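Student: Hi, could you walk me through this structure? I'd like to ask things as they come up.

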Amino acid sequence: MSEITTIPDSLDGRPPGGRHLRGNLGVASIVFMVVAAAAPLGVIGGVVPLGIASGNGAGFPATFIVSTVVLLLFAVGFTAMTPHVEEAGAFFSYVRQALGFPVGIGIAFVALVSYVALEAGVYGLLGPAGVGVVELVGGPTLPWWLFAALAFAVTTYLGYRNIELSSRVLGILLTAEIAIVLVLDLVIVVQGGDHGLSSGIVDPTAIFSGSLGIGLLFAIISYVGFEATAIFRDEARDPERTIPRATYVALVLIGVFYAVTSWALISGWGDDDAIARATDSGSTFLGDTAQRYLGAVGADIITVLYLTSLFACILAFHNVASRYVFALSQRDVLPPALSRPHGRHGSPHRASLWISAVVALSVLLAVVFGLDPATQFYTWFAGATTVGVVVLMIATSVAVLVYFSRDRRGYSLWRVRIAPALGLAGLSGALVLILANLSDLVGGSSVLAWVIVGVLVSAFAAGAAIGSRTRNAS
């Protein structure tokens, strides 16, 4: 492990001395955590059928290629600014550096709400998945919240410990879930699909069929989590090199995996039949495909790994949210006691427990009010996260353009102006699509969609006000 670094106490972006996390994370470890946060098996089993059914059908795999290109353009400027941001605050640190302390803290509050919302909401998927696994082995039907409670206990324990323990756990779970899906992809491709491999991924007619906008919306949702690479700056072995490399590797890995697998699943049934099945039985689309090509054993393995994929997603977002709290408390925006790392583990243990308390309250309220864990609890919270994270990336793109507007600091025009501007345009278009279809994402309620937007706006306003007061008091 690296030693604690002592840095002067100030509000200009350099954290107070003695309040640093410790770690020795390399590129692979960080990639495991951010790809796990994206929950690849959860996306393949849940989002992909929605994209096929409601989006552009057989052309849906191409939307992952488009999304990857947009996010890579974003990453070009994001990683160029990384050496100039000497704190582990991810998006809010970049925004603070370029747009000022109050705006940065406002963005930090939006990030915190977004990540905690998704961590809590995924318990609404994990619980029923746990019920399904127990029933698979002939067990009784148990309440969903029981499995949520068990996963919560393990997450809280791992969040309290050193980040490298979480990284090892995530690495094992992620390797298993990707391996089984790649086996399914390979079998489908080798067998030639149902009656030939789909050409929809490269066919303009298929790509622009149906609703391309909805397809892009679901594709963008699938990448939530990749941007968390910079939050592990203090625990990275060599942040100036590790963070950019991890960002690019995570993006390309996620994008290729989603594009290839969604194309293979469509090929497994044929274009028309795949659209029909995704529409009529989207919740079992992945399992039905596995049953057809891998048999009952393969389908059962995917059922179990779907549960572990959701747990990996929860753990990854718990680690990210904890480090946001830690970074904010370093700035004395939140209680300074939350930024005291554990003496032995070097972890943000107090911040982690604080996040656990908020998540526990959210799940408890969902149980008390009898919310459906998937169609209400998860969907509502995921809607907030989707809007919030795209807003974060837009703000960061603006910050990059502002930061390098007068001095390119030796970088090319492409890296700090053209690519970030193109990424900003793509993300802005995605935000328009998401807002236009937000009511559909949250169960068809326009009132709830406005509530979500209102919560995020309020979070930004509260953060900016606190940031301004903290700045003026310094």
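Student: What span should helix 6 have, going by 1.5 Å a residue?

Tutor: Helix 6 covers residues 144-160, and its 17 residues should span 24 Å. The expected span is 1.5 Å times one less than the number of residues. The end C-alpha atoms of helix 6 are 25 Å apart, which agrees. Helices here are DSSP runs (H or I, at least four residues), and strands are E runs of at least two, numbered from the N terminus.

Student: Where do these values come from?

Tutor: This is a predicted model, where local features need pLDDT of at least 70 and side-chain atom pairs count only at pLDDT 80 or more, while totals for chains, interfaces and linings use all residues. Residues are numbered from 1 along each chain as its sequence is written, and side-chain values use heavy atoms, with hydrogens and water left out.

Student: Thanks! Which residues of helix 6 are buried?

Tutor: Trp144, Phe147, Ala148, Ala151, Thr155, Thr156, Leu158 and Gly159 are buried in helix 6. Buried means under 20% relative accessible area, exposed is over 50%, and partly exposed lies in between (1.4 Å probe, protein chains only).

Student: And how many helices and strands does the chain have?

Tutor: There are 17 helices and zero strands. The chain has 474 residues, and 57% of them are buried.

Student: Which residues have the most contacts inside the largest nonpolar core?

Tutor: Tyr115, Tyr258, Tyr324 and Leu328 do, in a core of 145 residues. Helix 12 (residues 285-330) gives the most to this core, with 23 residues. A nonpolar core is a set of buried Ala, Val, Leu, Ile, Met, Phe, Trp, Tyr and Cys residues joined through side-chain atoms within 4.5 Å.

Student: Let's switch to charges. How many salt bridges are there?

Tutor: The structure holds two. The term means a side-chain nitrogen of Lys or Arg within 4 Å of a carboxyl oxygen of Asp or Glu. In one, arginine 292 meets aspartate 194 at 2.6 Å, N to O. That pair links distant parts of the chain, 98 residues apart: arginine 292 is in helix 12, and aspartate 194 is in the loop between helix 7 (163-191) and helix 8 (204-207).

Student: Are those two buried or partly exposed?

Tutor: Arginine 292 is partly exposed at 41% relative accessible area, and aspartate 194 is partly exposed at 31%.

Student: What about the salt bridge of arginine 277?

Tutor: Its partner is aspartate 273, with the closest N and O atoms 3.6 Å apart. Arginine 277 is partly exposed at 30%, and aspartate 273 is partly exposed at 32%.

Student: Which residue has a positive phi near 55°?

Tutor: Arginine 409, a residue other than glycine. Most residues other than glycine have a negative phi. Arginine 409 lies in the loop between helix 14 (373-403) and helix 15 (413-436), and is partly exposed at 42% relative accessible area.

Student: One more loop: where is proline 348?

Tutor: Proline 348 sits in the loop between helix 12 and helix 13. This proline 348 is buried, with a relative accessible area of 0%. Its C-alpha atom is 6.3 Å from that of phenylalanine 326, although proline 348 and phenylalanine 326 are 22 residues apart along the chain.
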